[in-house]
Amino acid sequence: MTLRFVESSKLPTRWGVFDIHGFEDTVSDKEHVAITMGDVADGEPVLLRIHSECLTGDALFSVRCDCGAQLEEAMRRISADGRGAILYLRQEGRGIGLINKIKAYHLQDQGADTVEANEKLGFGADMRDYSICRSMLRHLNIGQVRLLTNNPRKVEALQQLDIHVAERLALQTGRNPHNLYYLATKAGKLGHLFDEQGESEGEN
Ligand SMILES: Nc1nc2c(ncn2[C@@H]2O[C@H](COP(=O)(O)OP(=O)(O)OP(=O)(O)O)[C@@H](O)[C@H]2O)c(=O)[nH]1
Ligand SMILES: [Zn+2]
């Protein structure tokens, strides 16, 4: 196993007090975190978000994508339930890294869509690897999840890791004039499932 748990602490947030758990990947040298609220180790399915790092959306308030809004909504829903977890994976830019994502954005400024831009740079459309989720979930004693995602690939990836996905819950939020084309490409080329009814608050 390449993932090593290091330490946990309290993490007070705008949505209440979470616990944060730090992990080190000894092969890639990346640091990953999970945040949890409530008793996630009781064997019942856990409301779970697997969130891929997006510095621009999560920390710099970019509305070019929907990541920041999704992260906020996931924290809000976990807090409303009083129980849940977010695995925050350091796989920026769907696994190509921050600088390559900026290169991809530059190509998108010139007309490429999000998939074409990755391909022009010599990458696949989605280079993410979810295998570390197994170690993180095992450490947290989570075996069954209710997954907050619009991405069917995440459901398949977890099932392949022997994590039981009891339910998939849509996480549709953050649509705005700057990301309409991006979201349409995710639905058309990457298979994301967007509800015709549009965005909704709370459980779907
Ligand atoms: N390469 C690349 N990565 C992007 C782009 N826009 C967002 N990302 C990254 O995409 C990742 C988020 O993936 P998304 O495809 O938006 O959504 P998802 O996580 O697969 O699906 P959901 O669970 O429904 O949110 C983050 O790592 C972002 O940094 C882009 O235009 N190009
Ligand atoms: Zn993003």
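Predicted model: local features only at pLDDT ≥ 70, side-chain atom pairs only at ≥ 80, totals over all residues.
**Entry 1: a loop residue.** I started at aspartate 162, which sits in the loop between α6 (152-160) and β7 (164-169). Helices here are DSSP runs of H or I with at least four residues, strands are runs of E with at least two, and both are numbered from the N terminus. Aspartate 162 isn't a glycine, yet its phi is positive, about 65°.

Entry 2: Residues are numbered from 1 along each chain as its sequence is written, and chains are lettered from A and ligands numbered from 1 in the order in which they are written.

**Entry 3: another one like it.** Asparagine 141 also turned up with a positive phi of about 65° without being a glycine. I placed asparagine 141 in the loop between α5 (132-140) and β6 (144-148). Asparagine 141 is exposed, having 12 other C-beta atoms within 10 Å.

Entry 4: Which residues of α5 are buried? I got Ile132, Cys133, Met136, Leu137 and Leu140. They cover an arc of only 130° around the axis, so they lie on the same side of α5. The buried residues of α5 pack against β1 (3-13), β2 (16-25), β3 (31-37), β4 (46-52), β5 (84-89) and α6; a contact needs C-beta atoms, placed from the backbone, within 7 Å.

**Entry 5: the ligand.** How many residues surround ligand 1? I found 22, the closest being Ser52, Cys54, Thr149, Asn150 and Asn151. The elements giving two or more residues to this shell are α2 (67-81), α3 (98-109) and α4 (114-120). (A residue counts as near if its C-beta atom, placed from the backbone, lies within 6 Å.)

**Entry 6: the whole thing.** I noted seven helices and seven strands in the protein, in the order β-β-β-β-α-α-β-α-α-α-β-α-β-α. Of the 204 residues, 33% are buried. The C-alpha trace spans about 50 × 40 × 30 Å along its principal axes.

Terms used:
Buried ≥ 20, exposed ≤ 12 C-beta atoms within 10 Å, placed from the backbone. Arc of directions from axis to C-beta. Contact = placed C-beta atoms within 7 Å.
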